[in-house]
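Subject: Structure for you to look at

Hello,

I am passing on the structure we spoke about, with notes on what came out of it. Please read the notes with the model open.

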Amino acid sequence: MEDKFYSCNNLEEPPTSAVMSENCSFSQVVFVDVKKFYAPEKDVTCYYNISQSFIPSKNDWVGIFKVGWKATREYFTFIWAPELSDSESGYAEQQKVLFKAYYLPKDDEYYQFCYVDQDGQIHGASVPFQFRDEAKDDIPVVTKEGEGEKIKQQNETLLQENDNLKKNLASLQEKNVHLQEELVAAKTLQDKVNTLEDKCEKLESQNKDLEKEKNAIKEDLMQIKIGKESALSQKEQLENLLKTTLHQKEEFQLQVHMQQKEIDNLQDRIKDKVMDLEELKGENYQLNAALFRQQMLNNLQEEQTLTLQILKKQKDDLEHENQKLWRENEMLRARLPAIRSPPPGFLLSQSPPNSELLFRNPFSAPPEMDPVPQKKCPICEEVFPNDIEQQQYLDHVQNHILECPFCDLTFRSSEKQVYNDHVFCHCLDQD
């Protein structure tokens, strides 16, 4: 009989495949209570259980295939599989589909149930069965004489074929078990492969991250290298600058040492000049004191004119020498270093080159003689009566005089600056 393919719904065909996929798993859907024989011309109910490792879809279907099929497109008839309930108890419930007798095969070949998913892949297959009466061979048949031997031979042939079919069935069942075991092993292997692929993807992602990090580190190393080269160049420049600076420092130290020697020599000369100046000032003071005493004793007598002229000449000579020493002193002070400061509270100032002497010029024109002799202060020119006591007169004159705390020299109070310079010279001597 020519093979024909029928469908319970001719308006829609199930999803199939032209080749057998290696990813098929015959253990995810298990058919139960499969009979060896199904009566022809009667409806057939197919029972099966779904494993929790399989997630069915609405386009799954159950088909009847002739034993020996190669792909799911070789189904004889099919029916859509019912949808599984959403609860977990749906997996525990036994599923079933009903094949109408009109669409079932009419021959006595071996068939089997197969569960096919929406991609046309097999997830379960039943043991083979036939569409025929189970007791059909036991019905007595009345034959004519001579036909018994022929029927007996046919029965023996059928029995032999039945034995062969049983052997083939056992072999097919054994192969089915092996296939299911291989499919389980393949599924496990596929899971491992998927796990390894996931790990490979993660490793590739990590490798890309490491590559990016590596590139970033290379860029950082390049920047560090550039910075190091720049730092080395700066270090070399600084070393050269340090050598130059040290050389200049040595030269400056030598110059400072020489200048210090020169300053020491100048200070020694200044001290000598100051001593000479002090001696001259002392002599000048003594001369002025002598003149003052002579004036006080002789009351400006005309016979001392010659002596006064001589003293005037000596005074002019002393003033000239004083001016010369003052200029040398100023030049020496200008060359002294700034660190040589005067003692705290001491006022250092220049004495004007044309400062007056300690007392009024005794060589100026003599004052007109009063008709009555009177005592007159040589400093402020205040006139006192002759009957003033001598101590009172001397106290008045003493108020106009500043005494040096280091020597016996005295100065007029109006020449405070000259007095300060004199005392400063004594301070330098003590240093």
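Start with Asp43, which sits in the loop between S1 and S2. Please keep in mind that this is a predicted model. Asp43 and Tyr102 are 59 residues apart in sequence, while their C-alpha atoms are 8.1 Å apart in space.

The sheet

The two strands on either side of that loop, S1 and S2, belong to an open sheet of three strands. The order is S1-S2-S5, and the pairing is antiparallel. At the edges are strand S1 (29–32) and strand S5 (95–99), each of which pairs on one side only. From one strand to the next, the twist averages 30°. Strand S2 covers residues 44–50 and runs antiparallel to S1, to which four bridges join it. For Phe31, the bridge partner in S2 is Tyr48.

Cavities

How many cavities of 30 Å³ or more does the structure hold? There are two. H1 gives the most, with four residues. By type, the lining of this second largest cavity divides into three nonpolar residues, two polar and one charged.

Helix H3

The last item is helix H3, residues 390–398. Which residues of H3 are buried? They are Tyr393, His396 and Val397. These three lie on the same side of H3, because they cover an arc of only 95° around the axis. As background, an α-helix has 3.6 residues a turn, so residues three or four places apart point the same way.

Regards

Note on methods. Residues numbered from 1 in each chain as written. Predicted model: local features only at pLDDT ≥ 70, side-chain atom pairs only at ≥ 80, totals over all residues. Heavy atoms only, no water. Buried < 20%, exposed > 50% of the residue type's maximum accessible area, 1.4 Å probe, protein only. Arc of directions from axis to C-beta. Pairing = 2+ DSSP bridges. Axes fitted to C-alpha atoms, helices over the stretch in contact; angles between N-to-C directions. 1 Å grid on protein atoms, 1.4 Å probe; cavity = no way out; pocket = protein on both sides within 12 Å on 5 of 7 lines; lining within 4 Å. Points joined across faces, edges and corners; volume = space filled by probe spheres on them. Nonpolar A, V, L, I, M, F, W, Y, C, P; charged D, E, K, R; others polar.
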